[in-house]
Amino acid sequence: MDLRNLRVFTEPQQGASYDTQLAVAKATEELGFDAFFRSDHYLKMGDADGLPGPTDAWITLAGLARETSRIRLGTLMTAATFRLPGVLAIQVAQVDAMSGGRVEFGLGAGWFEAEHAAYGIPFPADKFPRLEEQLAIVTGLWKTPLGQTFSYDGRHYQLSDSPALPKPAQETIPVIIGGTGTTRTPRLAARYAHEFNLPFGSVEETAEQIARVRKAAEQEGRHPGDLVYSNALVACVGKDEAEFARRAAAIGREPEELRRNGLAGTPGEVAEKIGRYAEAGSSRFYLQILDQHDLDHLELIASRVAPQLP
């Protein structure tokens with residue numbers, strides 16, 4: 001395992017301008033990480049001030065597509081409640097073209113009711129069926145051969161004779177589906193995903209959920225090994241205990257809580273814990289970086305954690 005399996009994952013709604021995100025993305029690329037991902041939220045959570053205010057995920061990624069050259073770009077996760085599926089297919093395909101084919105597409109049902117209320121976005125009760133229809137539509141539009149049309153007659157969405165344009169630069173944009181649901185989530189991942197992501201789960205929960213997804217893949221007639229299995233986990237690393245404690249305080253977390261629930265501590269500790277997740281079946285890690293102004297943190301992970309990984 002090396003930096004190609006480590007991805008930087010940010011939460012800009014907590015307080016980050018486009019320029020701040022650009023600095024993180026450029027550091028991500030220069031230090032050798034595989035990808036820059038961001039959340040898709042319009043409202044801060046917890047005690048953060050959220051200033052200067054939210055930035056839209058796909059507008060941000062469009063800008064980063066033109067200002068980076070190597071790293072993969074994507075969302076964990078785009079909220080299906082925020083966009084109509086036909087428009088979303090256009091947006092993601094366009095950003096993929098703008099990046100030269102470097103986009104990956106995480107899609108989730110949406111869950112944060114307060115941000116919907118704050119910005120006048122409907123928050124339907126039947127979010128999961130809508131997510132399933134969105135996945136069918138977005139992937140169906142991308143797969144429709146040039147010169148043919150795409151139609152869909154669902155309960156929530158109907159498309160009639162869509163030209164299914166534009167096409168992404170990639171022949172297939174990787175789709176990421178994640179979550180902790182024990183039945184519907186594995187089924188959707190098995191049907192539509194190239195990657196399954198477990199957010200903020202323990203090593204034991206990771207092994208259990210990966211087993212469910214692998215079983216669902218077999219039931220869908222897919223080889224379970226065709227999917228990538230990944231974790232998203234908060235990262236907080238210090239070269240020594242004092243630096244670790246300082247970084248934990250900067251994000252408002254207790255050191256021992258971070259050690260229990262994230263990839264936290266000294267470089268050796270973090271490398272060892274990543275190894276335990278790898279033994280549970282994960283091969284890719286999204287490092288949730290909560291202090292986007294601390295670029296030295298990324299440099300430490302690249303120089304002191306990654307070399308210790310198998």
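The crossing of helices α1 and α11 is right-handed, the near helix being turned clockwise from the far one by less than a right angle. The model is predicted, with local features requiring pLDDT of at least 70 and side-chain atom pairs pLDDT 80 or more, whereas totals for chains, interfaces and linings use all residues. Residues are numbered from 1 along each chain as its sequence is written, and side-chain values use heavy atoms, without hydrogens and water.

Helix α1 spans residues 18-31 and α11 residues 295-305; their axes lie 10 Å apart at an angle of about 20°. The two helices are therefore roughly parallel, a term applied to angles under 35 degrees. Contact (heavy atoms within 4.5 Å) joins A23, V24, A27, T28 and L31 of α1 to L295, L298, E299 and A302 of α11. Of the residues in this contact, seven are nonpolar, one is polar and one is charged.

H41 is located in the loop between β2 (35-38) and α2 (57-67). With a relative accessible area of 10%, H41 is buried, a class defined by values under 20% with a 1.4 Å probe and protein chains only. Its side chain forms a polar contact with the side chain of E115 at 2.9 Å, the criterion being a pair of N or O atoms within 3.5 Å, one able to donate a hydrogen and the other to accept it. Beyond four places in sequence, the contacts of H41 include P54, F82, W111 and F112.

Within helix α7 (residues 203-219) lies V213, which is likewise buried, at 0% relative accessibility. The C-alpha atoms of V213 and P186 are 4.6 Å apart, although 27 residues separate the two along the chain. Excluding residues up to four places away in sequence, V213 touches P186, A189, F196, L227 and Y229.

Terms used:
Axes are lines fitted to C-alpha atoms, for helices over the stretch in contact, and angles run from 0 to 180 degrees between N-to-C directions. Helices (H or I, at least four residues) and strands (E, at least two) are DSSP runs, numbered from the N terminus. Angles under 35 degrees count as roughly parallel, over 145 as roughly antiparallel, 65 to 115 as roughly perpendicular and the rest as oblique. Ala, Val, Leu, Ile, Met, Phe, Trp, Tyr, Cys and Pro count as nonpolar, Asp, Glu, Lys and Arg as charged, and the others, Gly among them, as polar. Buried means under 20% relative accessible area, exposed over 50%, partly exposed in between (1.4 Å probe, protein chains only).
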